[in-house]
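User: I've got this one open on my screen. Can you walk me through it?

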Amino acid sequence: MFETMSEQEARKAILDLTAEYCTTFHNKKKPFQEGDRIPYASRVYDQNEMVNLVDSALEFWLTSGRYTDKFEEKLAEYLDVSFCSLVNSGSSANLIAFMALTSPLLGDRRVKRGDEIITVAAGFPTTVTPAIQYGAVPVFVDVTIPQYNIDVTMLESALSEKTKAVMIAHTLGNPFDLKAVKEFCKNHNLWLVEDNCDALGSSYEIDGVKKLTGTIGDIGTSSFYPPHHMTMGEGGAVYTNNPLLNKIIRSFRDWGRDCVCPSGRDNLCGHRFDRQYGELPLGYDHKYVYSHFGYNLKATDLQASIGCAQLEKFPSFVERRKENFARLKAGLSDCQDKLILPEACPGSDPSWFGFLITCKEGTDRNQVVQHVESKGIQTRMLFAGNLTKHPCFDQMRESGEGYRVVGSLEVTDRIMKDTFWVGVYPGMTDEMIDYMAKTIKEAVRL
């Protein structure tokens with residue numbers, strides 16, 4: 001077939017067939033019927049993602065390349081930040097964000113082993129894991145209902161002479177009180193890392209300016225795992241406006257190397273062989289000089305190609321999430337004698353990842369969840385519930401070392417016992433949202 005074609009013509013033919021294949025076999029959806037499975041999240045894509053993926057595969061560059069460059073540029077543009085680095089997962093993004101704070105290049109503000117990081121236990125473990133694995137001490141404070149974010153009245157109580165940073169997530173798209181947290185960090189010269197993995201597209205008004213979450217602290221992180229706001233399969237991003245932090249982030253992502261030349265390009269600085277580093281001989285190849293103990297956490301161009309197509313759709317994803325959330329909340333408004341419904345943080349406009357529900361006294365969460373699941377609606381807990389109760393904390397609990405708790409985590413424990421959530425992803429139709437509301441109402445009236 002291709003013998004009579006140029007490479008460009010052959011490539012176009014393949015991509016045209018790819019688009020037709022996707023339209024024919026991937027994008028046909030049957031109308032929703034009550035009882036059909038409703039996942040809490042799912043990929044939303046069309047032929048553009050698949051064409052980009054095949055286009056990248058045909059180049060067979062595989063590692064980071066032109067699509068990666070384009071994605072980093074376009075995401076930075078969307079977020080209105082100076083620097084964006086694509087990585088292989090949101091968990092890796094959190095790892096790099098934390099590890100960047102340990103760099104000797106930061107001088108006295110560097111996080112060292114034994115220093116403390118204020119965070120919450122009601123969330124996903126990889127917000128906390130990097131600090132623990134490094135040897136820093138997470139300091140857990142309670143959260144609030146119905147916002148499910150850090151209780152900012154506890155911040156001063158959590159502070160010690162060892163505190164170096166606050167690292168917390170915007171829970172299921174709902175921004176935490178950035179005004180209070182940012183002011184606290186500023187007053188005490190602390191780093192602020194926003195785990196934005198569940199909140200891409202959320203915004204918050206601070207100092208009279210509406211900004212996207214992830215861009216208000218020193219470092220923001222995102223995840224592009226399939227259930228998240230947009231996807232590239234596996235993938236994540238780390239972003240900042242601080243050029244020094246960006247340099248450190250890139251180093252930790254790229255093996256810990258000192259050189260900033262991208263893969264496949266050498267000697268951009270013109271000093272590859274004429275500098276002295278550490279105790280290496282003068283002129284040692286700068287491409288193999290390591291300023292940090294880093295990793296290889298780059299994503300592939302295959303992933304980035306999908307992300308580029310997703311970014312073009314992303315604003316519509318955000319709007320649909322907001323619409324679905326509002327419709328579900330309206331549909332459950334007459335259940336507030338049984339359920340606590342979620343509320344946005346004042347000053348925020350969330351890009352909701354999910355719809356959190358807390359059962360009031362007398363309403364059994366397990367009974368509600370089992371009924372809802374039996375009707376085909378997928379539910380989730382608020383991740384770890386209380387992370388400190390999990391087996392991974394067994395040794396630290398027994399020794400009484402490695403973490404610190406401020407207060408009782410009473411609300412966190414209630415969330416672990418009484419809270420669950422359902423999805424509002426942009427592929428959901430009005431019929432699906434209405435069926436969820438109907439089913440949840442049935443469950444609480446049993």
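User: What's in the largest nonpolar core?
Analyst: The largest nonpolar core has 33 residues. Ile 118, Ile 150, Val 166 and Val 181 have the most contacts inside it. A nonpolar core here is a set of buried Ala, Val, Leu, Ile, Met, Phe, Trp, Tyr and Cys residues joined through side-chain atoms within 4.5 Å. Buried means under 20% relative accessible area, exposed over 50%, partly exposed in between (1.4 Å probe, protein chains only).

User: Which elements give two or more residues to this core?
Analyst: They are β2 (116–120), β3 (137–141), α6 (155–158), β4 (163–169), α7 (178–187) and β6. The largest share, four residues, comes from α7. Helices (H or I, at least four residues) and strands (E, at least two) are DSSP runs, numbered from the N terminus.

User: What does Val 181 touch?
Analyst: Leaving out residues up to four places away in sequence, Val 181 touches Ile 150, Val 152, Leu 155, Val 166, Ile 168, Phe 176 and Leu 192. Contact means heavy atoms within 4.5 Å.

User: And the second core?
Analyst: A second, separate core has 28 residues, including Leu 341, Met 432, Tyr 435 and Ala 443.

User: What are the ground rules for the model?
Analyst: This is a predicted model: local features need pLDDT of at least 70, side-chain atom pairs count only at pLDDT 80 or more, and totals for chains, interfaces and linings use all residues. Residues are numbered from 1 along each chain as its sequence is written, and side-chain values use heavy atoms, with hydrogens and water left out.

User: Switching to Ser 85. Buried or exposed?
Analyst: Ser 85 counts as buried because its relative accessibility is 0%. Its place is in strand β1 (residues 83–87).

User: Which side chain does Ser 85 join in a polar contact?
Analyst: That of Arg 250, at 2.8 Å. A polar contact is a pair of N or O atoms within 3.5 Å; within protein, one must be able to donate a hydrogen and the other to accept it, and residues adjacent in sequence count only if both atoms are side-chain atoms.

User: Where is Asn 27?
Analyst: In the loop between α1 (7–25) and α2 (47–59). Asn 27 counts as partly exposed, because its relative accessibility is 26%. A polar atom of the Asn 27 side chain lies 3.2 Å from the backbone oxygen of Tyr 45.

User: Last one: what order do the strands take in the open sheet?
Analyst: The three strands run β7-β6-β11, with antiparallel pairing. Strands pair if DSSP finds at least two bridges between them. The edge strands are β7 (209–212) and β11 (348–349). Tyr 204 stands opposite Ser 348 in β11.
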